[in-house]
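Student: I would like to learn how to read pockets and sheets in a model. Where do we start?

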Amino acid sequence: MSSPPAGDVQRLLETMQVGVPEGRVPARIFNDQAVYERERERVFGRVWCFLAHESEVPKPGDYVTRYIADNNVIVARTERGDLKASLNMCRHRGNMMCKSEMGNSSHFRCSYHGWVYKNSGELIGVPYFKEGYESKLDRKQWGLVPVRTETYAGLVFGTLDPDAEPLEEYLGGFQFYLDIYLKQGPGGSVVHGPPDHWVAETDWKICVENFSGDGYHTPVAHQFGFHLGYFPSSGATHSQGWAAHIPGKGHGIGLGHTPGMPPFAGYPPELVAQMGETLSPAQMEVFSKTRTAVGSVFPNLSFLIQPFSLVPGEPGVRFCTMRLYHPTGPGRMEMWSWCLVPAAASDEYKEAAYKAYTLAFGQAGMFEQDDFENWTRLTRVAGSSVAKHLEFPYVMGIEREPLSDFPGPGHVVSPYVTDTNFRGLWGTYTDYMLKES
């Protein structure tokens, strides 16, 4: 079945809105200039975007720079200990204030004309204030542009929309599932080392879809992981588990389950006991059965927890990766990838988890390479003259009824291998793209 001719984004999206519930998604959305430009305004200009983890900026003066759409943002821990986010742009002539991606500074000084701001955003220094401005410039009016932020369990989100719903409502109950990554014992989870950061000729949406629970690709794209014993499971039972998404929100997670695998396999016993102090009985019931938890917060933040055998065939260790896909153009993106570890875990466990993360899903990780090779080719083909007029099938599990007795929230189906979460993702995406200001 064909999608509308190129050049008509509105009609493409209206057709997509009808097609998604029927299991059809146009290839063109994965590599198109006009689609990208509308995403920048209607998706990233409205949603809550992940900016940083609080543990990246633990001390006064610590800062990182990140993006919302094409806007560079400074996230800083002020001298008072609170977090502030500001556009990384001098109010005098618009120069970028901070050139480094991370560091520690109580002030930022523009390298063009020398205006100076506190890391909280207040303008405190103006060269030739008396001689040039005759002391009449109102510095309170010309501070850095603030970015609205809210946090959940260490995650700092920002939005450019002053009318955006509160973050708690935006997450819409997905916190139940996020806690498997973020509340692994007292003190929660913290980043372990700086993020890996690289550029890829890949559309950000392909990555988000994959990390919304695409267990279908694993026995093929990562087949050697089963054969060599890196995964403490088998391809024969890989499809088992659950897929959950929050209707109308776009957040989704796949929870892979391996029959016979011990509860919380890959975690040290003392850490499991600590998790019982921070997670609810319902969460413990779900997560004890979960082998793989691969989920995404709409629009572009993802997580993965997976047991991984550092020595093939031996018991695995659980690693957790958090990743952000920042679009920089049609079919292009910057990737940030972090390793999260439980704050209360032993140093030995943290190092083992970090090693497993690096080997599997770090910048040069074996499974990361598998994925990006496929995603880059998919992106290239989606922009070709014929493919961009075609649609892809998203019909797997389309007639499956949701479970009525699952302990977690949202629309939950079994097995884990299904397109159900993806239809939820693309429905929310289409709603944002069609909604006018």
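Tutor: With the term itself: a pocket is an open set of grid points with protein on both sides within 12 Å along at least five of seven lines. The model here is predicted. Its largest pocket has a volume of about 580 Å³. Of the 20 residues lining that pocket, E209, D214, Y216, H217 and L378 are the closest to its centre.

Student: Which element gives the most to the lining of the largest pocket?

Tutor: That is α11, with four residues. At least two residues each come from α5 (204-210), α6 (218-221), α11 (366-382) and β20 (391-393). By residue class, the lining holds twelve nonpolar, four polar and four charged residues.

Student: How do the residues of the second largest pocket's lining divide?

Tutor: Into four nonpolar, four polar and nine charged. This pocket has a volume of about 370 Å³. Its lining has 17 residues, and R46, D161, E165, Y432 and K435 lie nearest the centre. Helix α12 (residues 420-434) supplies the largest share, three residues.

Student: Now the sheet. How should I read strand order?

Tutor: Strands of a sheet pair through backbone hydrogen bonds, either parallel or antiparallel. In this model, an open sheet of four strands runs β5-β4-β3-β6, with antiparallel pairing. Because β5 (83-87) and β6 (102-104) are at the edges with a single partner strand each, one side of each has no neighbour in the sheet. From one strand to the next, the twist averages 25 degrees.

Student: How many bridges join β4 and β5?

Tutor: Five, with β4 (residues 71-77) and β5 paired in the antiparallel sense. The bridge partner of I74 in β5 is S86.

Note on methods
Residues numbered from 1 in each chain as written. Predicted model: local features only at pLDDT ≥ 70, side-chain atom pairs only at ≥ 80, totals over all residues. Heavy atoms only, no water. 1 Å grid on protein atoms, 1.4 Å probe; cavity = no way out; pocket = protein on both sides within 12 Å on 5 of 7 lines; lining within 4 Å. Points joined across faces, edges and corners; volume = space filled by probe spheres on them. Nonpolar A, V, L, I, M, F, W, Y, C, P; charged D, E, K, R; others polar. Pairing = 2+ DSSP bridges. Axes fitted to C-alpha atoms, helices over the stretch in contact; angles between N-to-C directions.
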